[in-house]
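Here is a short tour for anyone who likes to check a model by its geometry. Please keep the viewer open as you read.

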Amino acid sequence: MPDRKPVESSDPAELRPEARPGARLEARPELRPDLPQAPRRARFDRALVFVALVAIWIGLATVLGTYWVGSPWGVALRLGSGVWGDLWQALAFVLGPTWSDSAVGGMTRPVNLGLQGQLQGQILVHASYTLFEAVAGFLLGAIPAATLPFLLRRLPIATAVIDPFMVGGYGAPKLALAPLFILWFGIGIASKIALVAITVFFIVYFSALAGVRALDARLVQMAQVAGASERSVARHIVFPGAVPYIFTGLRIAMPYSIGGAVIAELISANRGLGYLIQLGAMNFDTTGVFVALVATTCIVFLGNWSVDTLERWLLRWRPPADTKAEVGS
Amino acid sequence: MSTTQSALDLAEPTPVRWRQYAVTVGRILLALLLLAGWKVGADVAGPLYAADPVKVARRIIEDTASGTLLRHIYVTLRLATIGFAIGCGFGVVLPFLLRRLPRLTAAVEPYIMASVGVPKYALVPLFILWFGIDDAPKLWLVGLLVFYPVFIAVFAGIRNVDRRLINMARVVGASEAAISREVVWNSLLPFFFASLRIALPRAISAAIIAEFLVGNEGLGFLIENSRQNFDTTGVFAGVVVSTAVVLVINGVLVRLDRYFNAWRPVDRDMDI
Amino acid sequence: MTAAAEPLLEVRDLGKRFAGRAGRDAPAWVIQGLSFSVNEGEFLTIIGPSGSGKTTLLNMIAQIDVASSGMVRFQSQPAPIGDPKALNPGLTCKIGYVTQEDNLLPWRTTLQNVLFPLKVQGRLNDETRAHAETLIKAVGLAGFEKHYPHELSGGMRKRASLIRTLVYDPPVILMDEPFGPLDAQTRVQLQEDLLRLWNLGRKTIIFVTHDIGEAIALGDRTLVLSRAPARVAGEHVITIPRPRDIRGIMGHPDFGTLYQSIRAQVQ
């Protein structure tokens with residue numbers, strides 16, 4: 001099949017099994033070294049490492065001072081009070097005077113708790129902007145990308161024609177296009193959504209394409225022999241078979257979507273966690289930078305967790321070993 | 001080649017040569033269409049939003065002739081190379097050290113894997129705060145972005161080494177160093193190359209993004225500075241050159257991968 | 001070799017236990033109370049039902065696995081018991097091991113694979129290289145020196161892995177069903193090759209198989225192992241004189257009796 005050649009030469013590196021070592025590890029359990037099983041000792045060691053890491057953090061904050069390294073309690077206080085400030089406002093917005101004029105509401109009003117300035121809130125507000133950009137861009141990029149290979153399934157020539165352009169798009173440094181998107185869509189959320197969407201698009205396209213291709217031809221033939229229509233072959237055989245591949249792409253794309261939103265915010269924005277990080281850095285407010293970083297990391301974990309959960313739910317039919325989470329991405 | 005593809009071929013008995021021809025023509029047409037779309041888009045959107053492809057080409061030629069563009073490319077590639085070397089070095093050496101220390105590995109592994117989730121780009125303002133506005137913060141970013149994929153691939157590659165080959169090598173009298181070099185290293189080369197193919201383009205793109213945020217030279221600076229000066233042609237020229245640099249390096253990596261992994265039984269196609 | 005001399009390899013009351021999974025299953029003894037000895041220059045064949053711990057036994061002799069109890073002595077030196085860190089795999093190149101899988105390095109050519117032991121032992125010189133090339137020719141691999149393992153047939157890979165062990169001339173060679181998955185024709189060919197090479201050097205060979213005919217055709221003596229936990233269920237001295245004709249060995253008058261009595265012990 002000569003028209004496939006270029007595809008082979010340019011397979012997206014991230015989507016290959018070697019790039020996802022976790023998958024290999026699961027696939028070849030017999031090659032795993034039989035490490036001495038000592039779970040209790042390992043748990044103790046891990047706890048020890050955790051204590052050591054926190055000690056190092058405290059040590060750095062104490063020795064270097066909070067100008068260089070935000071102290072753990074400083075970060076926790078800022079984060080906690082910031083989140084509380086947002087929650088208080090949200091409750092006041094939803095419940096109105098019943099909350100803000102109540103005894104508890106009055107007492108816990110951020111100002112009355114002695115929280116001022118940066119301690120008063122806005123973490124959740126900014127986080128929600130970033131999250132919205134990431135999710136909207138993710139959906140906007142992933143849905144067409146996952147659909148396109150199915151539409152092109154019966155059109156091998158069209159697939160071959162667009163292939164070099166798709167490979168180019170995949171390889172292009174999309175995050176480096178951030179200024180272009182800011183130029184086109186302004187410094188608001190639209191430019192971030194567009195950047196995230198285009199980043200996610202190419203990753204998911206190739207994983208969905210691989211899924212459609214890896215499909216077991218015997219299953220299709222069997223269904224056709226059994227009299228299944230083209231539509232029902234697509235629906236009952238091609239799609240379920242491709243889902244695991246699509247999820248590989250989604251799992252790789254998830255951190256990129258949040259990363260893309262944050263990068264665009266770092267470059268130019270007036271809201272969002274990236275803006276918060278930049279604001280903190282400009283004011284030499286290291287604790288503020290730490291707080292925004294912690295919030296960003298939390299969002300990444302939340303995103304990864306959501307994709308994993310959704311995948312587990314959609315792929316209930318798979319034998320348990322296959323659905324194990326992989327390292328990396 | 002996947003079996004699906006052959007099934008599709010059976011379903012559509014088009015002569016192969018005719019199809020090859022159609023694909024080539026189709027690609028050329030699509031490329032022309034995209035260029036025409038760019039041109040029309042630029043005319044419609046106006047010079048503030050989109051630069052005319054002819055102007056962009058002229059700008060690239062002019063800047064190349066004057067040497068400024070080459071200087072920017074050099075600065076970015078230098079940054080990417082040094083950062084890549086640092087990240088790659090740690091990413092390869094650390095798993096080999098951990099190989100000898102299984103207890104330490106078990107203890108730190110969950111923390112290393114968790115730190116993968118920290119968005120590295122978001123650390124740049126912190127790096128600037130800590131390390132100043134010279135190369136250091138940019139190198140940290142590039143180094144970290146390269147380190148993780150390499151480390152994870154090599155780490156998993158070492159774990160995946162066929163125990164039977166290691167036993168064989170021990171029986172015939174190979175030292176631990178010889179086993180590391182011959183068996184472990186060769187076994188994980190495909191993993192390592194797969195990670196390089198992720199890491200090297202990422203290093204360049206990281207260098208460009210770092211230059212958006214700090215510094216006064218390099219492709220990233222060129223793009224972002226042009227944007228701030230409403231020089232749309234400059235933005236487009238920078239973006240085109242950056243993309244071209246990354247794509248060329250991608251292509252070189254594909255060739256190198258083929259060359260070094262020639263012993264592998266099947267030339268992999270892109271099926272996962 | 002006199003009976004009074006110390007045997008080259010002595011296995012006494014050997015036991016091997018594998019831990020149960022995550023504390024759920026009880027630990028299982030694969031080998032228990034296994035005793036035998038091997039004299040220098042002897043060709044010992046070991047036969048047993050599948051899963052009777054034959055590979056585990058060889059692994060313990062080659063010291064890539066550790067015994068749980070009992071004793072393994074090679075040249076009067078006992079192997080460590082229960083401590084995997086004290087193992088000396090291959091006993092400093094004195095014991096060669098042709099494993100069930102060929103275990104060729106997939107990224108090295110045939111010649112490089114054959115030279116690998118010499119290279120890591122620092123003994124690669126013109127003389128040893130010439131010896132390797134002679135061996136390659138002797139087993140019919142000439143012309144395939146530059147091929148990668150995946151480009152060779154199963155029989156060729158077996159040959160390569162066999163001469164990779166012969167090339168550094170270990171006094172003892174362990175062989176674990178080396179001709180197992182091959183077709184009958186290739187198998188006989190390789191058995192003949194092996195006997196010819198053995199006749200040249202008269203090494204000590206411990207050869208594990210699940211094929212009774214092969215055990216009789218090759219060995220001076222055959223041990224029959226029981227089902228797990230493995231112990232010696234029977235011992236047979238093969239009286240068929242050498243040199244033997246492998247293709248015609250079934251016609252030898254002793255063959256039928258030996259075959260029947262071994263088969264009765266292999267359950």
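Which element gives the most residues to the lining of the second largest pocket? The answer is α3(A), with eight residues. This is a predicted model, in which local features need pLDDT of at least 70, side-chain atom pairs count only at pLDDT 80 or more, and totals for chains, interfaces and linings use all residues. Residues are numbered from 1 along each chain as its sequence is written, chains are lettered from A and ligands numbered from 1 in the order in which they are written, and side-chain values use heavy atoms, with hydrogens and water left out.

**The pocket**

The second largest pocket holds about 1,800 Å³ of space. A pocket here is an open set of points on a 1 Å grid over the protein atoms alone, where a 1.4 Å probe fits and protein lies on both sides within 12 Å along at least five of seven lines; lining residues have an atom within 4 Å of a point. Grid points are joined across faces, edges and corners, and the volume is the space filled by probe spheres set on the points.

The lining has 37 residues, and those nearest the centre are Leu53(A), Ser115(B), Val118(B), Leu123(B) and Tyr148(B). Two or more residues come from each of α3 (39-64) and α14 (286-314) of chain A, and from each of α4 (68-99), α5 (102-115), α6 (124-131) and α7 (135-160) of chain B. Helices (H or I, at least four residues) and strands (E, at least two) are DSSP runs, numbered from the N terminus. By class, the lining has 32 nonpolar, four polar and one charged residues. In this scheme Ala, Val, Leu, Ile, Met, Phe, Trp, Tyr, Cys and Pro are nonpolar, Asp, Glu, Lys and Arg are charged, and the others, Gly among them, are polar.

**Where chain C meets chain B**

The contact (heavy atoms within 4.5 Å) takes 22 residues from chain C and 18 residues from chain B. Asn103(C), Trp107(C) and Phe116(C) supply 33% of the area that chain C buries against chain B, more than any other three residues. Between them the two chains bury about 1,800 Å², 69% of it on carbon and sulfur atoms. Buried area is the accessible area (1.4 Å probe) that two parts lose on being put together, summed over both.

Three salt bridges are counted between chain C and chain B. On the side of chain C that touches chain B, β6 (95-98) and α2 (110-120) of chain C each supply at least two residues, and α2(C) gives the most, with four residues. That side has 14 nonpolar, four polar and four charged residues.

**Salt bridges**

Over all chains, the whole structure has 31 salt bridges. Each has a side-chain nitrogen of Lys or Arg within 4 Å of a carboxyl oxygen of Asp or Glu. Here are two of them:

| Glu182(B) | Lys119(C) | 4.0 Å |

Asp52(B) sits in the loop between α2 (16-45) and α3 (53-66) of chain B, while Lys39(B) is in helix α2 of chain B, 13 residues apart.

**Backbone details in chain C**

Most residues other than glycine have a negative phi, and most peptide bonds are trans. Gln63(C), not a glycine, has a positive phi of about 60°, and is found in the loop between α1 (54-61) and β4 (69-74) of chain C. The peptide bond from Arg242(C) to Pro243(C) is cis, with omega near -5°.
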